[in-house]
Amino acid sequence: MLTQDKGIMYGINQQNGSLVIFDRFSLENANEVVFGKSGAGKSYLIKLEAMRQFMFGSEVIIIDPEGEYGQLAKTLGGEELMFTTSSSIKINPFDLSGLYEEGENELGLKILSLHALFKIVMGGLDASQEAILDRALMETYKSKGITTDPQTQKSQPPIVEDLYNILLKTDDAISKELALRLEKFIKGSMSGIFNQQSNFDITNPFTVFSVKALEDELRPIAMHIILDFVWTKVRKSLKKRVLILDEAWYMMRYEDSASFVYGIAKRARKYYLGLTTATQDVQDFLSTDYGKAVLSNSSIQILLKQSPSEIDSVTKLFYLTNGEKQLLLSSGVGEGLFFAGQSHVAIRSIAAPYEHAIIT
């Protein structure tokens with residue numbers, strides 16, 4: 001049984017009845033990974049934890065690809081932000097944090113993040129294309145008077161169309177090809193997604209970013225942009241937060257996005273952030289070394305019911321006993337295994353009647 005009181009969660013070991021207690025934010029880090037097949041109770045468990053963390057003072061931010069958390073946000077007085085090609089809410093991926101940290105090149109870090117984004121947008125890039133994109137990104141910021149000098153980074157940032165124009169006016173075939181790959185996001189069928197200045201900020205303590213209305217091709221792009229936007233917000237103001245990245249396989253199947261998620265997981269503790277990555281697709285999540293690194297960088301792992309096609313890889317990865325393997329194959333909804341440090345316990349998530357009513 002997994003439950004919580006005043007922010008402290010505890011589980012009952014169903015084998016020997018012992019009590020395992022932990023405070024998520026007092027562990028080595030507050031990162032959590034949840035694996036469970038469709039219908040295993042993954043969303044129910046995450047909603048339950050999100051609601052309890054919120055009630056005990058944590059700000060909760062959820063990136064929601066499947067539109068599962070909107071009603072929860074509304075019930076708790078939170079805000080659901082819907083992303084579509086015609087949405088009035090815009091995020092500019094060129095935004096800079098305006099922060100200065102000793103020893104860090106803020107502009108350089110942003111350009112690395114933009115490289116990862118545009119590799120998803122444009123498809124795979126070879127070494128020549130990456131070098132030209134890097135020069136074009138630097139030139140795009142320079143065109144707005146922005147350099148590595150922190151004082152210049154308070155100016156209004158460029159937008160994607162500025163990058164497109166710089167690539168287009170450069171007199172070489174590779175630049176023009178990259179510009180053509182961007183064109184549908186500037187003038188074509190996908191214009192309006194991320195080619196404007198940001199026009200909002202996170203002000204509600206329970207915020208859900210929903211990308212369900214976007215086509216599958218656009219979801220990993222939107223998720224990357226939103227995640228970068230949230231990460232900038234997290235770094236600007238230090239407070240206890242939980243960031244939930246549901247259906248994380250959308251991003252983890254791309255090496256560059258997976259690297260970005262891992263970078264956040266690695267640095268989250270510094271900013272008092274607890275990162276929850278959840279997925280039903282274990283293979284896609286662990287398809288890159290970064291996915292495996294996100295897993296190893298989490299203090300908490302929860303395994304719910306697994307499909308027969310996934311169970312062997314899960315067994316090998318988590319060094320499960322035969323009994324634990326059978327438990328994950330035969331578990332009911334909301335049942336599974338809980339790992340915190342050296343503790344392995346069988347768990348069942350239980351909500352109070354009023355919590356169940358809110359969640360469902």
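This is a predicted model: local features need pLDDT of at least 70, side-chain atom pairs count only at pLDDT 80 or more; totals for chains, interfaces and linings use all residues.
**View 1. Helix 9, with one face turned inward.** Helix 9 spans residues 255-267, 13 residues in total. From its first C-alpha to its last it reaches 18 Å, close to the 18 Å expected at 1.5 Å a residue. Ser257, Ala258, Phe260, Val261, Ile264 and Ala265 are the buried residues here. Viewed down the axis of helix 9, the buried residues fall within an arc of 160°, so they line one face of the helix. Glu255 and Lys266, on the other side of helix 9, are exposed. The cover over the buried residues of helix 9 includes helix 3 (106-122), helix 7 (219-236) and helix 8 (249-252). Strand 8 (241-245), strand 9 (273-279) and helix 11 (289-296) are also included in that cover.

**View 2. Asn92, a buried side chain in a loop.** Zoom in on the loop between strand 6 (79-82) and helix 3, where Asn92 is found. Asn92 counts as buried because its relative accessibility is 2%, and the cut-off for buried is under 20%. A polar atom of the Asn92 side chain lies 2.8 Å from the backbone oxygen of Pro158. Leaving aside residues up to four places away in sequence, Asn92 touches Pro157, Pro158 and Ile159, as well as Gln196, Gln197 and Ser198.

**View 3. Phe83 and the nonpolar cores.** In soluble globular proteins, nonpolar side chains tend to be buried together. Here the largest nonpolar core has 84 residues, and Phe83, Phe118 and Phe209 are those with the most contacts inside it. Helix 7 supplies the largest share of this core, ten residues. Centre the view on Phe83 and, not counting residues up to four places away in sequence, its contacts include Ile89, Ile91, Phe200, Phe209 and Leu214. Ser210, Val211, Ala213 and Ile226 are also touched by Phe83.

**View 4. Strand 10 between two partners.** Strand 10 covers residues 300-304, and five of its five residues are buried. In a regular strand the side chains alternate between the two faces of the sheet. Ile300, Ile302 and Leu304 point one way from strand 10, while Gln301 and Leu303 point the other way. Strand 4 (residues 32-35) runs parallel to strand 10, joined by four bridges, and in this pairing Val33 stands opposite Gln301. Strand 11 (residues 335-340) pairs with strand 10 in the antiparallel sense over five bridges.

**View 5. Ser298, on the way into strand 10.** The loop between helix 11 and strand 10 holds Ser298. With a relative accessible area of 7%, Ser298 is buried. Follow the Ser298 side chain and you will see it reach the backbone oxygen of Leu295 at 2.6 Å.

Key. Residues are numbered from 1 along each chain as its sequence is written. Side-chain values use heavy atoms; hydrogens and water are left out. Helices (H or I, at least four residues) and strands (E, at least two) are DSSP runs, numbered from the N terminus. The expected span of a helix is 1.5 Å times one less than its number of residues. Buried means under 20% relative accessible area, exposed over 50%, partly exposed in between (1.4 Å probe, protein chains only). The arc is that of the directions from the helix axis to the C-beta atoms. Contact means heavy atoms within 4.5 Å. A polar contact is a pair of N or O atoms within 3.5 Å; within protein, one must be able to donate a hydrogen and the other to accept it, and residues adjacent in sequence count only if both atoms are side-chain atoms. A nonpolar core is a set of buried Ala, Val, Leu, Ile, Met, Phe, Trp, Tyr and Cys residues joined through side-chain atoms within 4.5 Å. Two strands pair if DSSP finds at least two bridges between them.
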